[in-house]
Amino acid sequence: MYEEIKSQFEKIGIIPVVVLEDAKDAKPLGEALMKGGLPAAEVTFRTEAAEEAIRILSKEFPDMLVGAGTVLTCDQADAAMAAGAKFIVAPGFNPTVVKHCLEKGYPVTPGVQTPGEMEQAMELGLDFVKFFPAEPAGGLPMIKAVAAPYTNLKFMPTGGINKDNVKDYLRYNKIVACGGTWMVKGNLIEEGNFQKVEELTREAAAIVKEIRGGN
């Protein structure tokens with residue numbers, strides 16, 4: 001399952017990182033992402049609506065790659081997977097949470113920043129990590145620097161990624177996918193401007209196609 005999810009990440013290229021304050025916005029958001037050409041959503045566990053939003057997205061859009069982000073505890077991981085999440089993403093490297101997910105068979109991508117954290121992830125058998133917060137932590141130059149000794153490790157940079165710099169990240173062969181929020185900004189969701197979300201999503205999907213080809 002882990003390799004299958006990683007393969008889907010790579011195909012999609014840009015994973016929308018979503019904060020939903022109200023679960024009622026999940027369905028129209030999902031429609032906008034699907035129509036726009038990025039059939040994925042990392043729903044962050046920063047709000048009380050996250051679990052229900054994952055449940056709605058998973059039910060309404062079975063072909064969408066729906067996962068949970070900002071997972072800080074084992075209980076959150078369990079709740080997310082029970083709601084239908086297909087993967088777990090954490091902002092940092094918490095060995096307890098990572099081991100719990102691995103033991104349960106959950107595809108998990110922990111956040112790392114330092115070589116030490118990367119080695120801990122590799123020690124647990126992971127070869128795909130989130131690099132967070134990407135831009136403040138050194139961005140693409142940092143990833144290229146640490147990728148040199150860790151030849152089997154691949155990354156999903158998130159944090160400070162936008163339509164202007166995402167191309168550079170996607171061109172690098174150690175980047176599986178990038179996490180991004182610019183197409184799913186909170187104000188657009190709150191305003192119900194899902195047409196704009198679809199428009200920005202389509203632009204992002206076009207960037208992936210330009211850099212990586214495919215449909």
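Which residues of helix 2 are buried? They are Ala26, Leu29, Gly30, Ala32, Leu33 and Gly36, in a helix that spans residues 26–36. This is a predicted model, in which local features need pLDDT of at least 70, side-chain atom pairs count only at pLDDT 80 or more, and totals for chains, interfaces and linings use all residues. Residues are numbered from 1 along each chain as its sequence is written, and side-chain values use heavy atoms, with hydrogens and water left out.

**Helix 2**

- Seen down the axis of helix 2, the buried residues fall within an arc of 160 degrees, so they line one face of the helix; the arc is that of the directions from the helix axis to the C-beta atoms.
- Buried means under 20% relative accessible area, exposed over 50%, and partly exposed in between (1.4 Å probe, protein chains only).
- Helices (H or I, at least four residues) and strands (E, at least two) are DSSP runs, numbered from the N terminus.
- The cover over these buried residues includes strand 1 (14–18), strand 2 (40–44) and helix 10 (194–212), where contact means heavy atoms within 4.5 Å.
- After helix 2 comes Gly37, with a positive phi near 100 degrees.

**Aromatic cluster**

- Two aromatic pairs are found in the whole structure; rings of Phe, Tyr and Trp (its six-membered ring) pair if their centres lie within 6.5 Å, and planes under 30 degrees apart count as stacked, over 60 as edge-to-face and the rest as tilted.
- The ring centres of Phe9 and Phe87 are 4.8 Å apart with planes at 75 degrees, so this pair is edge-to-face.
- Phe9 also pairs edge-to-face with Phe128, at 5.7 Å centre to centre and 80 degrees between the planes.
- Phe9, Phe87 and Phe128 form one aromatic cluster.
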